[in-house]
Amino acid sequence: MFKFNQMADCVSKVELSVSCTNLLDKDVGSKSDPLCVLLQRSGKDGWTELGRTEHLTNTSSPSFSQRLHLDYHFETVQNLKLAVYDIDNASRDLKDDDYLGGAELTLGQIVSSKTLTRPLQLKKGKPAGKGSITVTAEEIKDNRLIELEFEAKNLDKKDTFGKSDPFLEFFKKGDDGKWQLVHRTEVVKNNLSPSWKKFSVPLQTFCGSDLERALKVDCSDHDSDGSHDLIGSFVTKVSELQKAASATPVAFDCIHPEKQKKKKSYKNSGVVSVKSCKFNTKHSFLDYVMGGCQINFTVGVDFTGSNGDPRSPDSLHYLSPDGLNQYLSALWSVGQVIQDYDTDKLFPAFGFGAKLPPDYQAAHHEFALNFNPSSPYCQGIEGMVEAYRMALPRLRLSGPTNFSPIINHVASIAAAAAQQDAPSQYFVLLILTDGEITDLDQTRDAVVRASRLPLSIIVVGVGPADFKAMELLDGDDGVLRSTLGEAVARDIVQFVPFRKFKDAPLATLAQSVLAEVPTQVVSYFKMRGLAPLKAPAKAPAKA
């Protein structure tokens, strides 16, 4: 579905473990006493300390046990530096300690390699002897879900006409002793012995991952005016509910405190039973990336006539004296983030809507930017930028603006990858356009078909157009539908107008358009029922 993005940070906690080999010996008569500091770039030249390991003594090949923790954001490039010092005093200030070398790298590089080894450098281009540093990343989380199913028997009748309309509410005891609502079931109408639908809640949400934490369950009769009547309550904990997994009946008397006070013979207001209880695993984007899933990046650039003659300063393709324009700015911003997740760094780049040399006859709706159809790959983002700059003077801008050929092209590659039945490939197509789209119906159909494939589509609108056509791709009910009325299987399209970010730092555009990609990756593999691959133990990736 095309829509303007609400910023949706994908935050995970990552734990780094660090070891070094062959550190320089700075101490006379003994080996160094190393400590490693983790820094993150802030601003252009600044570094902020995020954490440090313990201080070890007399070792040139330390393995630090103290883990380093930081937040991981897929949609930003997080530049890190690991710096190793020889500590000779009790002061926290490192200025008076010997520097044994450091390594600069991005968090994206670490998580996509899982384990990474780099040579230590005293400064750029000056190695710290044979010293090297190895860093391994792990995501910190409780990714368990608790899946529960409940039924009840002989609940009290609360309605004058007809039976009760019961529902359950689950509360966990907070650290402050107060009850916090964690789940509410659906209402079962007019039934004193209801069965509620199976439901799943993250274990962290349900009980703070503490199987002994007190839980309160309220069974109430639903009233449309919101004045629900309590039928009864009981207190339990997950370790009790778990007994249902071994086919042991787990049943609770539903107690109404007022009735219990008034009536000595009161037994209960019905019985609530656990039909099933089990734990499942909820996988995250990092599970897939660390399991070896490659994020393949493809770009499509709009060379239609509405962009204006590239030789004219009014053209959206005009290269300013610093060699940039909105197309290149958007490509740099998004590409810088994505490239860390693709090991070969070979990116296919295409153009559409131009007439090509030598004959300049019909317009082409999907051509290799490097004019090599059998190998449209560019080496890294720099290679894409170079191919764009080389192609520009050789093209004749034309039309119409057709999106569907390039979407179908990338979709066919994604479809081939989907045959593998393993979560090893995912594709991101970045379309840069001035927005005057011609083949709306075919594009709608292409997007609906692609929503069943390992593919996300990012559209960046360049220039001053109002991009109404993009919004037309939203269905009436907020769901994009094909011309035959078939709805998208999942939301795979993200649209943003570049002008929204024109005066913001370049990285802001990437944060906006990429924030949803992790969720889209997980939603695809979940739809396919594919768990992350367990990453094989592999030798550390060398720089």
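Just after helix H12 (residues 517-527), Gly529 adopts a positive phi of about 70°, where helices (H or I, at least four residues) and strands (E, at least two) are DSSP runs numbered from the N terminus. The structure is a predicted model, in which local features need pLDDT of at least 70 and side-chain atom pairs count only at pLDDT 80 or more, while totals for chains, interfaces and linings use all residues. Residues are numbered from 1 along each chain as its sequence is written, and side-chain values use heavy atoms, with hydrogens and water left out.

The chain contains twelve helices and 27 strands, and its C-alpha atoms fill a box of roughly 95 × 80 × 40 Å along the principal axes. Of the 543 residues in the chain, 51% are buried. The accessible surface, computed by the Shrake-Rupley method with a 1.4 Å probe and, for residues, with only the protein chains shown counted as cover, comes to about 25300 Å², and carbon and sulfur atoms contribute 50% of that area.

In the loop between helix H6 (326-338) and strand S18 (346-352) lies Gln339, which is buried because its relative accessible area is 14%. When residues up to four places away in sequence are set aside, Gln339 touches Lys345, Phe347, Gly380 and Ile381.

A search of the whole structure finds 17 salt bridges, each defined as a side-chain nitrogen of Lys or Arg within 4 Å of a carboxyl oxygen of Asp or Glu.

One of these salt bridges joins Arg67 to Glu15, with the closest N and O atoms 3.9 Å apart. Since Arg67 lies in the loop between strand S3 (46-52) and strand S4 (68-73), and Glu15 in strand S1 (residues 11-21), the pair ties together parts that are 52 residues apart in sequence. Arg67 itself counts as partly exposed, at 35% relative accessibility. In a further salt bridge, between Arg184 and Glu169, the closest N and O atoms are 2.8 Å apart; this pair links distant parts of the chain, Arg184 being in strand S11 (residues 179-184) and Glu169 in strand S10 (residues 166-173), 15 residues apart. Arg184 is partly exposed at 47% relative accessibility, whereas Glu169 is buried, with a relative accessible area of 13%.

Glu486 forms a salt bridge with Arg452, for which the closest N and O atoms are 3.3 Å apart. Glu486 lies in the loop between helix H10 (468-472) and strand S26 (493-497), and Arg452 in the loop between helix H9 (440-450) and strand S25 (455-461), so the pair ties together parts that are 34 residues apart in sequence. Glu486 is partly exposed, with a relative accessible area of 39%, and Arg452 is likewise partly exposed, with a value of 38%. Elsewhere, Glu49, Arg52 and Arg92 are linked in a network of salt bridges.

A surface patch of negative charge is formed by Asp88, Asp93, Asp96 and Asp98, where patches are made of residues with over 30% relative accessible area and no salt bridge, like charges being joined within 9 Å and nonpolar side chains (Val, Leu, Ile, Met, Phe, Trp, Tyr) within 5 Å. Asp96 is located in the loop between strand S5 (79-86) and strand S6 (98-106) and counts as partly exposed, at 48% relative accessibility. Lys267, in the loop between helix H4 (257-262) and strand S16 (271-281), counts as exposed at 64% relative accessibility. The C-alpha atoms of Lys267 and Asp253, which are 14 residues apart along the chain, are separated by 7.9 Å.

How values were computed. Lys and Arg count as positive and Asp and Glu as negative; His and the chain ends are not counted. The place of a charge is taken as NZ of Lys, CZ of Arg, CG of Asp or CD of Glu. Buried means under 20% relative accessible area, exposed over 50%, partly exposed in between (1.4 Å probe, protein chains only). Contact means heavy atoms within 4.5 Å.
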